[in-house]
Amino acid sequence: MKNILTYIFCFCCLFSFSQELNTNIYAIDGNSPIECDNSFIKNEKFVLEYNWTEKGNFVAPKFKDLIIIQESGIRKSSTGSSFSSLVIVNGKVVENINNSNKEIIKTKTYVLKPTKTGRIRIPAAELNIDSKNIKSNSINVYICDCDEWEIYEENPYLQTNFKSELYIGEQTQLIAKIKYSPKDNRFKTKDKSQIIINNVYRDPVSHKKNIKRSISKDCIASWTKTIHHEILTPIKVGTVNTSPLEIQSTYFDFNIKKRKQSILKSKEINLQIKELPEPIPKNFYGTVSKKFSIRSEIDRTSLKTSEAISFKVIFRGEGNINMLEPFELEFPSSFEVFDPTITDETYVGNNNTGGTKTFEYTIIPRKKGDFTIPEIKFNYFNPKTEKYIEINTKEHLISVEQGKQYMPTDTTQNSLLNLDLLENSEFSSITRRQFISKWYSFSYWIIFAIIIISYLVYFILSKRSVNPIEIRRRKSTKIAIKRLKNARFCLKNRDFDQFFEEIEKSLWGYFADKFKINSSELSKETIDLYFDKRNIKTETKNNFVSLLNICEFARYSPSKDRNLQMERTLEEAKEIIIEVESDIKKK
Amino acid sequence: MKILNTILILFISVNSFSAEKLFEKADSLFQLNNTDSAILLYQEILDKDMESPELYYNIGICYFQKEKFNKSKFYFQKSLVLNPKSEIIKGRISQCNLNLGKKSPPKIFYISWKNKLLSFFSKNVSIIISLTSILSVFILLLLNIFDIKRIPKKYIFLTALISLFFHFIISSKIEKESILSLKDNTESIK
């Protein structure tokens, strides 16, 4: 089996030094620095140390009421990470990656001496990296008004520090320290009791270098050992009562001058959690802080449809920032907005949590046009001033051009998911539409009514001529009268010869027209043929032929009573045409 | 007369221009989730005696966002009367019905045929066809009655049938429109 086996050995040692300018203060014991709580006596020298990892120019603070006794150059020390990996295929090393990524820590040290007593503030130092400035924290040192200190020679005791009255969301540090004599070199503690605190979110603070030198205001020097340190964030209103902290310790009892083992007990830890003052502003999302800021960033403001924008909302400050969750933001409705990616760069400090929290939204505009992402208004509560403070980001103008057409697989279903408006095509008049609708029906029914009425009238009129034979006869008479018009004229003029000629011509003409025969074919045989063809009565046929014969003879054998003969012949000709017409129509 | 015409044309163009502006402004307000103001601006366009399927659709969308599904459906229906081909409007009406808990009743075959036909011709074209065919019936009958020209009865019958068919389809649409207008009036009274 030819399996490719890939083993990647990864060894990574990373000392993550926060990209900040760290400050430490040490007291000097002989020649070595010792941890202290920033309290000193008159003229006592102390060490101020700055550490950083970034490249950049260090700018020292302006020391006031302090003399620089000694100033070191910037020292570099490496403490970092290295990475190595092997890629092995079928037992052979094909790739060997060694990546040494050690971090260089730079240190600048000052030995300082106070020139006055009381509180002295050491301002923040700066590190200029390109256009960016990193500032250290400013530090307060307390200089006691005494030339020498006395050594604390009493039994140890356990003290707790915390703020007992808090607003919901307001943070406090709970710190438990044991103060004991520097003469007691064999002081030991063990079996610390657990503290159970309900309705409070707890962030532990590391306290590795937990023994510090401390000088009280009355110039008594002692050791303080931190045995418990955490940040409390109340999440529910009410009273929180917790049993005292207990720790077993072995110490030198200065009363009986003997080493002793007993349990040290703190005071009870009671917290009173208050509701935030009303009215709570609209854009308040539970942030309680003394110092807070918001800004927004956008990676581009000009793009095409269906391209993505990265929109970041960055919160920075101290307090319960770590509990801040994404809230609803206003975006133009044609923007497709995805759930934000949350980058939590918060840390647990000595007094509270702080740092940066970023909500990064990926936005895809689906329509072209100019859009505005409006400013984001944000309210936080400052417990120090007991007021809500409104901060806001700037608005962003985005210009979107038409890009590639966004084609969802199912056009209707997908487009129905977004409540997008349609672009207007053309306006039309409401009145015009209503007018057309109103008059359409009216005009339709008018025409319809006219049709019905016309048909009815036609029907009534046609019903009046009941006898079809009479109708046919009337029509045939009309035709006959038309044909015999000239003959009638001759009768009026008593033109005997012309009259019979006209009768004869009319009959032949009628026959030729009716049966569509050429004048060259006209003969009595064709009469016989066509009349038989159309099934005209034999009697009618004979009458037609005999009338033609009469007309022929009458011209050459004149009668005595010519007028009477002419009138009779005209009547007969009329009758014969009517009869032929009637016979044809019957068929 | 010429001056009067020019004034009229100018008035209409200015009116439609301002309506376009109002439409764009209302769109922008909607984008900023200011739905109530957007509706007011859309209504202002309607008050100017202007309408378009998109206008009714957008009002419907505003009410949809406000979750007033009855009103939203009413405006989508109005939009569909003006643009019967639009699938997206039909989809929105179905969405409103879903939100109102109404099931769309199964459509009888001839209703779906009628709807298809209505979407094939615009309303105005259907009106013209209907009126032309009824007029043709009338003329053909007159020709027949007065014996001017003999038209086969089957042609007259066919034209009459087409005319009636279109008439019933269009009149149902007009009836629907008038019901919607009536509903509109009653809603505005409320």
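## One face of helix H2(B)

In this predicted model, H2 of chain B keeps five named residues out of the open: Ala38(B), Ile39(B), Leu41(B), Tyr42(B) and Ile45(B) are buried. Look down the axis of H2(B) and those buried residues sit within an arc of 165 degrees, so they line one face of the helix.

As for the helix itself, H2(B) runs over residues 35-47, 13 residues in total. From first C-alpha to last it reaches 18 Å, close to the 18 Å expected at 1.5 Å a residue. After H2(B) comes Asp49(B), with a positive phi near 70 degrees.

## Where chain B touches chain A

Chain B puts 40 residues in contact with 34 residues of chain A. On the chain B side, the elements that give two or more residues are helices H1 (2-31), H3 (53-65), H5 (87-99), H7 (123-145) and H8 (153-189), along with strand S1 (50-51).

What is the side of chain B that touches chain A made of, by class? There are 21 nonpolar residues on it, plus eleven polar and eight charged ones.

## A strand pairing across the chains

S1(B) also has a strand partner in the other chain: S39 of chain A, residues 428-429. The two strands pair in the antiparallel sense, over two bridges. Which residue of S1(B) is the bridge partner of Ser428(A)? That one is Glu51(B).

Conventions. Residues are numbered from 1 along each chain as its sequence is written. Chains are lettered from A and ligands numbered from 1 in the order in which they are written. This is a predicted model: local features need pLDDT of at least 70, side-chain atom pairs count only at pLDDT 80 or more; totals for chains, interfaces and linings use all residues. Helices (H or I, at least four residues) and strands (E, at least two) are DSSP runs, numbered from the N terminus. The expected span of a helix is 1.5 Å times one less than its number of residues. A residue is buried if 20 or more other C-beta atoms lie within 10 Å of its own, exposed if 12 or fewer, and partly exposed in between; C-beta atoms are placed from the backbone. The arc is that of the directions from the helix axis to the C-beta atoms. Two residues are in contact if their C-beta atoms, placed from the backbone, lie within 7 Å. Ala, Val, Leu, Ile, Met, Phe, Trp, Tyr, Cys and Pro count as nonpolar, Asp, Glu, Lys and Arg as charged, and the others, Gly among them, as polar. Two strands pair if DSSP finds at least two bridges between them.
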